[in-house]
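Me: I am new to this structure and would like to go through it step by step. Could we begin with the charged pairs and then turn to the chain as a whole?

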Amino acid sequence: MKALGPIPSAYGAIDGVLAVGGKPVTDWVEQAGSTPLFLYSADLVRARVAALRAAMPERLALHYAVKANPFAPLLSLMSGLVDGFDIASGGELQIVRDAGIAPGRVSFAGPGKRDAELEAAILAGVTLNLESEGEAARALVIAERLGVTPRLAIRVNPAFDLKGSGMKMGGGAKPFGVDAERVPALVREVVGSGAEWGGFHIFAGSQALDAEAIAETQAQALELAARLAGESGVPLPHCNLGGGLGIPYFPGDAPVDLDLVGQRLAERFESLPDVLADTAFCIELGRYLVGEAGVYLARIVDRKVSHGEVFLITDGGLHHQLAASGNFGTVVRRNYPSAIATRFDAAVEEEATIVGCLCTPLDKLADKGGFPRADVGDLVAVFCAGAYGASASPASFLGQGPAREMLV
Ligand SMILES: *Cc1c(COP(=O)(O)O)cnc(C)c1O
C-alpha cells in the first residue's frame, strides 16, 4: 500500500459522508446536478486569511495571486478579504474586472506581455511589474501614445532562491524579472520618464513548507530591496516580497509554522534601514489562501480487478486535476490526500488505485492507496484541490470538458 497525503484537519463527516460548508458533499453534488465537481469552502478561505492576518505584522498587506484559482465567485469573496490582486495575463485582467475588483488594487506580472495587454493594463490603471528592459520600453511608448501616466514597478530577478521551494522562480538565469545588478539603472529610467514609480516585486519561489527558509528569503528580499533602493537614489514606495508559503500535499508534509514566519518578519520590520522607512510591503499568495479550501469530487463509474489489483474508475481525472495525477511540475508521482467521500469515516479495508476516465495510463488520482471498500456510485474526494486544479488542467483533453465549480 502506498501512503496518501494528509487530509487537511478542518474536514470531518456528517452521517459518515465528507462535509463541506456544514453539509454532506452529497447534498452539494445533488444541488450541482452532476459530477465531477470542485467544491470551495468560503469558511475555510476566511479562516485562512484571518490566520495570516493574525500572524503577520500589520504593516504587511496581503495580495491574492489570481492564477491559483480565478473562479469568479471566489474572486468576489477574496475582494472583501485581501488588499490586492496579482494577475499574470490580459485574460486575468478581464476576469478581475468582471469580478468588480478596482484596477488600482491590481498588479500585473508575468513574461511575454503583449502590447495589447500592456495597453489595457495602463488604461485601467493597473501596476505593471516589468519583467525586462524591453518590456519597460514598450510600456513607456504605449503610455506616451495613450497620454496616460503608467504605474510601473520592476520585478527583480534576485540572486537567491527560496530553499526547499517546489517551484524556483529566482536565482541564476531566468525569464522572470530584471537581473538585480541592472535594476538601479532601469529605476532611474522609469522614474526619469515621468511614470508613477511602483517599486519592486521580488518573488523567489513557491510551495515551501519550511518556515525558517521562508523567513530567510523574506529577510534577503528586504536586504536586496534596501540595497537597490539605495543604489537607485529614489525612495521606494512599495515592495512586493513575493510569496512562497506552501501547503502539505504529500505523506510526511507538515503545515508552515506561520507564527514563526510572522515573528521573524515583525523583527525585521522593527529594524528596517532608513531607505525602507516609508515603504509599503505586501506578500502575494495563491495556493496558501485557497488550496486546502477546495475538494474535487468524482463518482465511481466502474470497479474492476486486474491481476489482483482493485481499480476504482471515476468520471473525473487529470483533465481537471493534472497536479494530483503527478503531471504538473513533479518529478516523482506521490499521492495527494484522497478519500472515499461517501464512506469518509469508515476503516481502511483494501488497497485500490483510483483512476480517471481518460484513456491514458497517466490518469491516476490515487495509486495503491488504502481505502474502505467502495463501489459504483460512491464519491471520491481529492483534497488540496482549491489551487491549480480547474484552471491548470487540460479540460478539453479527450473531449471531456470542464468540471463544475461551486463556492459554498
Ligand atoms: C504563481 C505566482 C504566485 C502564486 O504562487 P503560489 O504558490 O500559488 O502562492 C505569486 N506570485 C507570482 C509572481 C507567481 O508567478
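Reply: Lys163 and Asp161 form a salt bridge, with 3.5 Å between the closest N and O atoms. A salt bridge here is a side-chain nitrogen of Lys or Arg within 4 Å of a carboxyl oxygen of Asp or Glu. The model is predicted, so local features need pLDDT of at least 70, side-chain atom pairs count only at pLDDT 80 or more, and totals for chains, interfaces and linings use all residues. Residues are numbered from 1 along each chain as its sequence is written, and side-chain values use heavy atoms, with hydrogens and water left out.

Me: Is Lys163 buried or exposed? And what about Asp161?

Reply: Lys163 is exposed, at 53% relative accessibility, whereas Asp161 is buried, at 19%. Buried means under 20% relative accessible area, exposed over 50%, and partly exposed in between (1.4 Å probe, protein chains only).

Me: How many salt bridges are there by this rule?

Reply: The count comes to 21. Among them is the pair of Arg264 and Glu212, whose side chains meet at 2.8 Å, N to O. Arg264 lies in helix α9 (residues 258-270) and Glu212 in helix α8 (residues 211-232), so this pair ties together parts that are 52 residues apart in sequence. Helices (H or I, at least four residues) and strands (E, at least two) are DSSP runs, numbered from the N terminus.

Me: How accessible are Arg264 and Glu212?

Reply: Arg264 is partly exposed at 30% relative accessibility, and Glu212 is also partly exposed, with 40%.

Me: Which residue forms a salt bridge with Arg343?

Reply: Asp378 does, and the closest N and O atoms are 2.7 Å apart. The pair links distant parts of the chain, 35 residues apart: Arg343 is in the loop between β18 (338-340) and β19 (350-355), and Asp378 is in the loop between β20 (364-371) and β21 (379-382). Arg343 is partly exposed at 33% relative accessibility, while Asp378 is buried at 8%.

Me: Which residues are linked in a network of salt bridges?

Reply: Lys2, Lys364 and Asp367 are linked in such a network.

Me: Changing topic, how many helices and strands are in the chain?

Reply: The chain has ten helices and 22 strands. Its C-alpha trace spans about 70 × 45 × 35 Å along the principal axes.

Me: What radius of gyration does the chain have?

Reply: The chain has 22 Å, which agrees with the value near 22 Å for a compact globule with 408 residues. The radius is taken over C-alpha atoms, and the globule rule is 2.2 Å times the number of residues to the power 0.38.

Me: What share of the residues is buried?

Reply: Buried residues make up 57% of the 408 residues.

Me: One last topic: where is Pro111?

Reply: Pro111 is in the loop between β7 (106-108) and α5 (115-124). Pro111 is partly exposed, at 44% relative accessibility.

Me: Which residues does Pro111 touch?

Reply: Leaving aside residues up to four places away in sequence, Pro111 touches Glu131, Pro175 and Phe176. Contact means heavy atoms within 4.5 Å. The C-alpha atoms of Pro111 and Phe176 are separated by 6.2 Å, although the two residues are 65 residues apart along the chain.
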